[in-house]
Amino acid sequence: MEWFKQELAKLQLEEQRIKNEMMKIEMEQKRKEMLADDEEEDSDLDDNSWEDDDFENDDEDPYVYVKPYKHLKMVNDILTIVLNDGKIITKSKATQEDYKTATQAMSESDLFAIVMSQEVREDKMKRDAEISRYKAIAKGLELLKSFKDFEVKDSTVYIKGISRSLPQIIVEEFLAIINAYSELGMSNEEIGESLEFNESYLALKRFFMWCCLNPRAEVAHELYRFLKENSFRITKQGFFVALRNVVSLCDDTTLVDFVSNSYNKIKAIWKKDPSQSNVWKDANNFYFLQNLDFEGASNVFFVGNLTQLYLELPEMKSNRYTDDWTKTFDIRVGQPVNMPLSDCNWSTQDCAAAGLHFTADHINYVGCGDTSMLILINPMKVVGIGEHKGRCYEYLPLMTVPTEESTTILHDLNFDTLQLDDSYAIRELQGLAERTEAGFIAESRKYDFNIPNISMSEIANITCSLDEMILEIVDRIRIID
């Protein structure tokens with residue numbers, strides 16, 4: 001990432017320029033004022049003037065406090081400071097508190113902080129933070145070379161075997177995960193072994209791989225930034241969770257709401273196997289979970305195993321929704337919703353562009369509707385991103401969610417979205433290489449300038465790497481016949 005070095009140099013030059021300008025402010029005018037007869041000025045000081053001169057420093061005693069200025073004076077609301085090297089800095093509209101603070105300054109930095117305006121001070125703090133950030137990243141690039149997953153060429157970071165470079169923000173995320181281990185005193189070898197089991201690390205790595213399989217280079221490069229800025233959450237298999245509104249076509253969705261909420265919350269919050277829970281209802285059609293056997297009990301009725309009911313949701317008559325705009329989409333919890341990729345429109349607009357819309361915090365932006373849904377999206381199926389909204393050509397409705405809860409559930413750290421995508425991942429991995437190659441070929445015919453520098457052999461390598469998830473998933477999932 002050569003831009004790291006360039007941006008760092010720019011920020012350092014700009015910082016020096018601002019510092020020089022501050023020191024030059026009214027320098028000539030104040031220099032004439034300070035060169036006047038000090039003794040005469042001493043006798044003329046009034047109630048609106050204060051002055052402080054340097055004292056003789058005892059060079060033989062290293063513990064004697066050395067003032068960071070040679071001369072300090074305030075007349076009316078003009079604070080003038082002569083530094084030890086002869087440079088002059090001033091502040092207009094200064095207060096007596098500013099003067100007092102200056103007399104107690106321990107360094108030149110303290111004095112510059114006093115004379116700077118709030119705007120300049122905030123700008124300097126922002127630039128200092130940026131410089132520190134770039135220095136940390138530059139240092140981190142050397143660290144990444146130590147790990148088998150990464151390749152660094154000319155300050156650009158790659159996942160080994162993939163020619164598309166990692167976006168800056170993803171590099172920073174990888175470094176944050178690795179640095180957390182470093183702070184524990186772990187060696188690079190120990191960190192490398194731990195990363196193979198770190199779910200957040202694996203999620204980010206897989207997310208980038210899915211992005212690489214998106215034939216639209218614009219989406220793949222900018223998607224993580226968009227997700228980060230809009231508080232989306234990534235799952236363990238590299239997908240992301242979003243929200244959208246839909247219109248219910250049934251009067252009573254109680255069972256759908258209960259099953260979809262219970263199933264996903266047991267996985268995401270309890271981190272348990274939903275198949276170990278059964279659904280019951282009482283005479284008032286109040287649904288509840290209970291593992292005990294109530295068979296034969298009066299006014300209590302067995303509905304079914306929770307996992308089995310969730311898998312059967314697409315066939316339930318009460319699980320019928322549609323979109324508010326066209327009223328043509330068949331939307332069901334547990335069943336993918338899609339539209340032809342050729343009908344979708346790449347655009348950076350939030351609204352009025354073809355595609356299946358989704359959002360995170362701004363749920364009210366995603367059409368009108370009486371029901372909010374938590375949905376799962378594969379990065380390779382995103383066709384456009386705006387400021388707060390995105391569009392894809394397929395998503396999987398995971399669960400209905402109360403509208404008042406929809407904008408907070410993704411922020412709840414107890415709701416672990418890493419647990420939500422196993423079954424969908426298996427489906428997505430089936431025939432992945434063939435589907436991906438077909439998508440790239442189709443896009444290349446429409447947008448030659450759009451195709452990233454990624455070969456069919458690299459696509460095969462990525463899909464092969466993603467296929468390894470199946471073994472991991474199968475070890476965890478209990479298939480119910």
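**Close-up views of a predicted model**

The structure holds 14 aromatic pairs, where rings of Phe, Tyr and Trp (its six-membered ring) pair if their centres lie within 6.5 Å, with planes under 30 degrees apart counted as stacked, over 60 as edge-to-face and the rest as tilted. Keep in mind that this is a predicted model: local features need pLDDT of at least 70, side-chain atom pairs count only at pLDDT 80 or more, and totals for chains, interfaces and linings use all residues. Residues are numbered from 1 along each chain as its sequence is written, and side-chain values use heavy atoms, with hydrogens and water left out.

**View A. Phe 232 and Phe 240 make an edge-to-face pair.**
The ring centres of Phe 232 and Phe 240 sit 5.8 Å apart, with 90 degrees between the planes. Both Phe 232 and Phe 240 are buried (buried means under 20% relative accessible area, exposed over 50%, partly exposed in between, using a 1.4 Å probe and protein chains only).

**View B. Phe 239 pairs with Tyr 424.**
Here the ring centres are 5.3 Å apart and the planes meet at 70 degrees, so Phe 239 and Tyr 424 count as edge-to-face. This pair ties together distant parts of the chain, 185 residues apart: Phe 239 is in the loop between strand S7 (233-234) and strand S8 (240-248), while Tyr 424 is in helix H14 (residues 422-429). Helices (H or I, at least four residues) and strands (E, at least two) are DSSP runs, numbered from the N terminus. Phe 239 and Tyr 424 are both buried.

**View C. The largest nonpolar core has 97 residues.**
A nonpolar core is a set of buried Ala, Val, Leu, Ile, Met, Phe, Trp, Tyr and Cys residues joined through side-chain atoms within 4.5 Å. In the largest one, Phe 150, Leu 223, Phe 240 and Phe 358 touch the most other members. Helix H9 (residues 199-212) gives the most to this core, with 10 residues. There is also a second, separate core of 16 residues, which includes Leu 79, Ile 81, Leu 83 and Ile 114.

**View D. Around Phe 150.**
Once neighbours within four places in sequence are set aside, Phe 150 is in contact (heavy atoms within 4.5 Å) with residues including Leu 144, Val 157, Tyr 158, Phe 174 and Tyr 201.

**View E. Strand S15 (residues 371-377) is covered on both faces.**
Seven of the seven residues of S15 are buried, so the strand is largely enclosed by the rest of the structure. Thr 371, Met 373, Ile 375 and Ile 377 are on one side, with Ser 372, Leu 374 and Leu 376 on the other. S15 pairs with S8 in the antiparallel sense over seven bridges (two strands pair if DSSP finds at least two bridges between them), and Val 246 has Thr 371 as its bridge partner in S15. S15 also pairs with S18, again antiparallel, over five bridges; the bridge partner of Ile 375 in S18 is Pro 397.

**View F. A three-strand open sheet runs S10-S9-S11, with antiparallel pairing.**
S10 and S11 stand at the edges with a single partner strand each, so one side of each has no neighbour in the sheet. The twist averages 30 degrees from one strand to the next; axes are lines fitted to C-alpha atoms, for helices over the stretch in contact, and angles run from 0 to 180 degrees between N-to-C directions. Five bridges join S9 to S11, and Asn 278 has Asn 305 as its bridge partner in S11. Helix H11 packs on this sheet, touching S9, S10 and S11, and its direction makes about 20 degrees with that of S10.

**View G. Helix H11 (residues 254-270) is mostly covered.**
Of its 17 residues, 12 are buried, among them Leu 255, Phe 258, Tyr 263 and Ile 266. After H11 comes Lys 271, whose phi is positive, near 55 degrees.

**View H. Phe 301 belongs to strand S11.**
Phe 301 is partly exposed, with a relative accessible area of 41%. Not counting residues up to four places away in sequence, Phe 301 touches Val 279, Trp 280, Lys 281, Asp 282 and Ala 283.
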